[in-house]
Amino acid sequence: MSPTAPIPRPAARESRRDGKPDAIQARGLQRTFKGGVEAVRGIDLDVAEGEIFGFLGPNGAGKTTTVRMLCTLLPSTAGSARVAGIDVRDDGAAVRRQIGVALQEIGLDPLQTGRELLELQCGLYGITGAAARDRSRELLELVGLMDAAERRTDTYSGGMKRRLDLASALVHSPPVLFLDEPTTGLDPASRVTVWEEVRRINAQGTTVFLTTQYMEEADQLCDRVAIIDRGLIVAEGTPQELKSQLGHDVVSVALDGADIAATKAAIGELAGLERVVTERETLALYLEDGPGSIAEIVRRLDGEQIRVGAISVARPSLDDVFLQATGRRLEGRQEESQESEREAVA
Amino acid sequence: MTEVLLLGRRAVREVVRLPAATIPTLFIPLFFLAVNIGQISKTFPSTTPFLHGQGYVGFQLPVSLMFAVCTATSGLALVTEIDQGYFDKLLVAPIHRSSIIFGRLAADLVRGLAVATLVLLVALALGMEMRSGIAGALVLVVLAALWGVAYAGIGMLIALHTRNVQATNASFLIFFPLLFLTPNFVPFELLTPLMEALARANPVSYVIEGLRSLVLEGWVLHKLGICFGVILVTGLVLTWLSVRAIDGYDR
């Protein structure tokens, strides 16, 4: 199979949960910036009520531009979009009442305390007086910032700022929540905390549209995922659907000093072997039946007296899906693996 | 209206919590007041006809007030918010975009009232008298603060159009030619013909003249009327342009 062969997009209607109506729908959505830069080149989206929908792609793929169009912050050049059943072009104000937004750049006023910021945010959504104070307290407790409520936000850590930003997007209990790379730049522990918050918010019925460049995040959190690359959606489905469409396992052979060419030659032609990819000190064998091939691989290497470090088998990951759809790895994966390496070293 | 009050209260809180943004705007007017008086007061003693029996400090006070209230603070606050992402948070809230502008202007009014009062108190301490009395002093402070509100539109316009901190900060420099092409050191009649023509064409001259009349002459209604008119028109035009700029932001 060619690495850039497109993965068929399943009909959104089929993969929607429980046949619920759309919370977000886009048709042929496009945005071209001055100078002719086509950030988003005609995308269709169908996000059902109550879903956590992942929008996965590398930097510059068009994720943030899409979010900004759906949030009414940026007009589309062509196409249409409806959020909570309202056309974003026709009635932006009505859309804004139905959505909560936490953009990639954390939107906090550094001179206000956490409590002041949330109370102001409540006021902007028409919640005032005691109701605003109660709601702010409730949200501060939800995101675990009660102890820091009276501190100015410029004294918060990155994780605290992200959690407060998330809380500020929730003051009016919006039915649709947009989170643009909510965990970028966070340490692994803070990332997990944000994931837990997102799950908790979603469990209350909120539809979550989440952009990310982290495969693990999309895999862990999202009911469905769309992969965007260079302004186009190149794959869409549940993480499981996308991975199963690849139809192969990945057997990794850690070379541990063994000769690459000799190892490849020893393994030779295996039944169901689709391709072999060399990554650093590892051979990745894409096979139809990984577990069933392990014994044969070991036998062949043993027959040629080639000693390798380890052999493992894994199901395809979303990164493999991304590789298959775009012909390259996702940048976020590199960060993830670097973090894992740092943790392993530590 | 509620959103303007909420955003205004936040902006005022900013002024209080970030004195470093206001203190320099006080230093410059007080510095110029001291330097100009020190250099020129002997040239123009209180017997000089255009001083109406007062010292030169009364003649210079309106110029210092202009310096004190005309800042790029609101524009800088706005462009910083754009830079930090909080501006997007406000744009995505279901509020009128104009309330972001009016909230900033509310803070400008409060800051203007405070700094104008301080500069006035310094001038009084230097021996200046208010010929229009306490009521005149109040009107002087309010008019100066309103001029600061009117002028704030320039900084906000530049902030919204350039989205650049340096460019917005530089907007303060626009005020220098506007301030110095006025009867700032001597009355219109003592300027060279070219300078007089330029000064008479400059609306800031009439704001200075109106404020100066309260200090030196008492209640000269036609001067005050023109002064208020200039402030009103400038404020309406610049605020309208700012509101238009924010309404069209990324649209």
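Predicted model: local features only at pLDDT ≥ 70, side-chain atom pairs only at ≥ 80, totals over all residues.
If you want a spot to look at, find R27(A), which sits opposite S80(A) in β4(A).

These two strands belong to an open sheet of four strands, and the order across it is β2-β1-β4-β5, with antiparallel pairing. At the edges you'll find β2 (38-48) and β5 (86-87) of chain A; each has a single partner strand, so one side of each has no neighbour in the sheet. Helix α2 (residues 63-70) of chain A packs on this sheet and touches β1, β2 and β4. The direction of α2 makes about 120° with that of β1(A).

## The six-stranded sheet of chain A

Chain A also has an open sheet of six strands, in the order β6-β7-β8-β3-β9-β10. The pairing here is mixed. The edge strands are β6 (99-102) and β10 (232-237), and each of them pairs on one side only. On average, neighbouring strands of this sheet are turned by 15° against each other, ignoring direction.

Inside this sheet, strand β7 (residues 176-180) of chain A and strand β8 (residues 207-212) of chain A pair in the parallel sense, over five bridges. Here F178(A) stands opposite F209(A) in β8(A). Helix α7(A) packs on the sheet as well, touching β3 (52-56), β7 and β8 of chain A. Its direction makes about 155° with that of β8(A).

## Two helices side by side in chain A

Helix α7(A) has a helix partner too. Two packed helices are described by the angle between their axes and the distance between the axes. For helix α6 (residues 158-168) and helix α7 (residues 188-203) of chain A, the angle is about 15° and the axes are 10 Å apart. That angle is under 35 degrees, so α6(A) and α7(A) count as roughly parallel to each other. Their crossing is right-handed.

Which residues of α6(A) and α7(A) meet? On the α6(A) side they are G159(A), R162(A), R163(A) and L166(A), while α7(A) brings S190(A), T193(A), V194(A) and E197(A). Sorted by class, the residues of this contact are two nonpolar, three polar and three charged.

## A hairpin in chain A

Further along chain A, strand β12 (residues 273-279) and strand β13 (residues 282-287) pair in the antiparallel sense over six bridges. R275(A) stands opposite Y286(A) in β13(A). The hairpin of these two strands has two residues between them, and R280(A) takes a positive phi near 50° there.

## How chain A splits into domains

Chain A is divided into domain 1 (12-108 + 156-243) and domain 2 (247-345). The C-alpha centres of the two domains lie 33 Å apart. Their contact takes 17 residues from domain 1 of chain A and 15 residues from domain 2 of chain A.

On the domain 1 side, α8 (215-221), β9 (224-229), β10 and α9 (239-246) of chain A each supply at least two residues. Which of the elements gives the most to this side? That is α8(A), with four residues. By class, the side of domain 1 of chain A that touches domain 2 of chain A has 11 nonpolar, two polar and four charged residues.

## A helix pair in chain B

Over in chain B, helix α4 (residues 73-84) and helix α7 (residues 133-162) pack at an angle of about 25°, and their axes are 7 Å apart. This makes α4(B) and α7(B) roughly parallel to each other. Their crossing is right-handed.

From α4(B), the contact uses S74(B), G75(B), L76(B), L78(B) and V79(B). From α7(B), it uses A152(B), G155(B), M156(B), I158(B), A159(B) and L160(B). The residues of this contact divide into eight nonpolar and three polar, with no charged ones.

## Where the chains meet

How many residues of chain B are in contact with chain A? There are 19 of them, in contact with 20 residues of chain A. Both α1 (2-17) and α5 (86-91) of chain B supply at least two residues to the side that touches chain A. The most comes from α1(B), with seven residues. Class by class, this side of chain B has eight nonpolar, two polar and nine charged residues.

Technical notes. Residues numbered from 1 in each chain as written. Chains lettered and ligands numbered in written order. Contact = placed C-beta atoms within 7 Å. Nonpolar A, V, L, I, M, F, W, Y, C, P; charged D, E, K, R; others polar. Axes fitted to C-alpha atoms, helices over the stretch in contact; angles between N-to-C directions. Parallel < 35°, antiparallel > 145°, perpendicular 65-115°, else oblique. Left-handed = near helix turned anticlockwise from the far one by under 90°. Pairing = 2+ DSSP bridges. Domains from an automatic or database assignment.
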